Structures are given as C-alpha cells and as structure tokens.
Amino acid sequence: MDRISQLTHSVLDDIDNCRDLESLENLRVKYFGKNGVITSELKSLSTLEKEEKKEIGKKLNLIKNTFFEKFEKKKKNIEVLIINEKLKEEDVDVSLPSRENNYFDSKIHPITQTINEIVSILGALGLTYEEGPDIEDDFHNFTALNIPENHPARQMHDTFYLGKNSNDYVLRTHTSPVQIRALKKNDFPLKIFAPGRTYRCDSDLTHTPMFHQVEGLVVDENINFANLKWFLEKFCRMFFDNENLEFRFRPSYFPFTEPSAEVDIKCKISSGKISIGDGNQWLEILGCGMVHPNVFAKVGIERKLSGFAFGMGIERLAMLKYGMPDLRNFYDGDLRWLNHYGFSFLDNSDLSWK
Ligand code: DAH
C-alpha cells in the first residue's frame, strides 16, 4: 500500500476509534492543525513535479473531504450519546405523588404579580408586549430620546456606565429606550407597552439600584392629548379597581415628550397609611406626554405622525395598591415578608379583563 493510501486508512480508523469530543478534536489537530500530518503533506506539495503534485494533491483533497464529512457525523453521534447519558441520569419519575401542599407554600413576588396585572390590563386595552435589553447603548437610552450629551437630564439618571469607553454602554436607566426600538420598526399604528428592570446608582429609603418600570407608547396619524388622558385614566381605574378615582394632570418636563405631564391620583394619607380613591391629598403615580418631534426625527421617521407615551414605576404601583410601606423589603429575600405580601399562583387566574 502506498503512503497516501496508508494515511487514508489510519485517518479513518482513528475517527472510528474516537469515543469523546476531546479526542475527536485532538485528532483534527493531529491531522489538520498548523503542524498536522496532512497540513505538512499539503505544504510539501510545492516541492513535487507537476504531474505528481496533481495526483497527490487530488488524493490529499479527497482525504480532507472524507475526514471532515466523517468528523462532523462522528461529532453529532457523540453529542447525541452525551445527551442520552445525561437524560438517563436526570430521569424523573413523573408518577411520584407531589409533595404535600408545595404549590400553596410557594408565593409569587408582588412585583411579578403587579407586572402580570399590568400586562393583563394594557393587553386588554389593545397594547402589545415589547421587550428591550437591560444593557443599552447610549443612543437608545439617551441620545435618541432627545437627551444629548451634556444635557442635565443625564445627570439626573444616576447611570451605571459599562465598558471601557465611559459611555458606550449603560444599564438602562428607564424603559423608554424600548420606545426607540419599537419606533425603528417603522410599522404604524404602533401600540406597545414594555415592562422590565431598570437601574440607577441610588440606594436609600425610597430607591433601590434595580427597580422596575413599564413604558407605554401609542403612535398613529391623529393621536392627541385627550387620547392619552382617556387611556391613563382608564388604566388606573382598572388597576386600582376603582371607577371613581380622581386625577390631576400637572405640567412637567421630560426631554422626550412635549407637552409633558405628571399624573396624580386622589388619596388619603393618615398615620403613614395611604388609601387610594378617597381623601383630598394628591399622590404622583406616573409621567407622560406627547412624543417629541425630535424623537421621531432621531429614528428617521418623516411621516406625519403623533403619539403619546407614559412611564410608571412598578414598585410604587405595587406599594400603593397593596399597602406595602417599605421599598427596601422588596429585594431582601426575606421569606417572612414574601409569605405575608406574596400571592398564591391561583390569584392570577382572574386576571383576564376580556
Ligand atoms: N422615563 C421616565 C423616567 O424614568 C418616565 C417617563 C416619563 C416615561 C414620561 C415616559 C414619559 O414615556 O412620557 O423618569
């Protein structure tokens, strides 16, 4: 047998004898690595005469193609074997009885519960669910929202900056960047909401470095402030389950909306307890406004559109609705608190507003 045929045999036998991914990879290096057997053969082709070069070159190429074909097949086989072994180890006996009462012992965190309620209500009001990444770039978190570099609003956000170049990436400071991602799809009418985690470098009685917001955005040809007002009042009445809730829209400022407003609801605060819907004090619950023309321009939208946007803090909504006095307990991981304020998974079953 000539040298090349021998090589072909040993290559194929070696693959057959492989039993794991590591030895398979070693084999690839042995033959095709930088100093591999076949790599060297290929390199030495240049020293051969024309005819011989052609003949041996052809054979070597054939070995190469056959090797990689077998290599891929073998790799897949080994991967399947590994998965099967793993499945055997993790075998679960589904006929075992459940642990007594374990469904009822576990609790849904009030934030999850509140998000579920918000999803259910905003969904019933015709908005669709959107998501964006927790790690955002400067453009989506600030620039496109009409907050250019050196704008004072950047300072107010207590941003966590990531990466080597100080402001390449940030942990999103609000859910508003999802507005930009949704607008960029350029598909109107657009009616979305986006709940999720947000981050600011701030920690005291009323702030945690990680918290949650929900963003809303409705864009079409003739959206106006009255639409915004109707929508938010409807949402709040459904969320607090109170048809008579009273509202106050106060002029405010956000760089990405014009005009902007903050919304207060009527409440009673006595001896540290807040009850929503009666009394004659006001409590701020959200920020909102009409999408600023600069925001449309930043994402290259030239059509004549208008829209409203709003943003709310989910912890705040949960505290108000369920009478939870202290924000810091939310993320302590204290089971006693969770057992007290948490929800049974069955509490979610009546969340359909249709
Ligand atoms: N992004 C704002 C914040 O974190 C909240 C907000 C205010 C969102 C007004 C909006 C809005 O969409 O229109 O403080």
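Reply: Buried means under 20% relative accessible area, exposed over 50%, and partly exposed in between (1.4 Å probe, protein chains only). This is a predicted model, in which local features need pLDDT of at least 70, side-chain atom pairs count only at pLDDT 80 or more, and totals for chains, interfaces and linings use all residues. Residues are numbered from 1 along each chain as its sequence is written, and side-chain values use heavy atoms, with hydrogens and water left out.

Me: Is Lys-229 buried, exposed or partly exposed?
Reply: Lys-229 forms a salt bridge with Glu-233 (a side-chain nitrogen of Lys or Arg within 4 Å of a carboxyl oxygen of Asp or Glu). Glu-233 has 17% relative accessibility and therefore counts as buried. Lys-229 has 36%, so this residue counts as partly exposed.

Me: Which parts does the pair of Arg-181 and Glu-136 tie together?
Reply: The closest N and O atoms of this salt bridge are 2.8 Å apart. Helices (H or I, at least four residues) and strands (E, at least two) are DSSP runs, numbered from the N terminus. Because Arg-181 and Glu-136 lie in separate elements, the pair ties together parts 45 residues apart in sequence: helix α9 and strand β2.

Me: What is the order of the strands in the open sheet of three?
Reply: Two strands pair if DSSP finds at least two bridges between them, and β3 pairs with β4 over two bridges in the antiparallel sense. β2 and β3 each have a single partner strand, so they stand at the edges. The order is β2-β4-β3.
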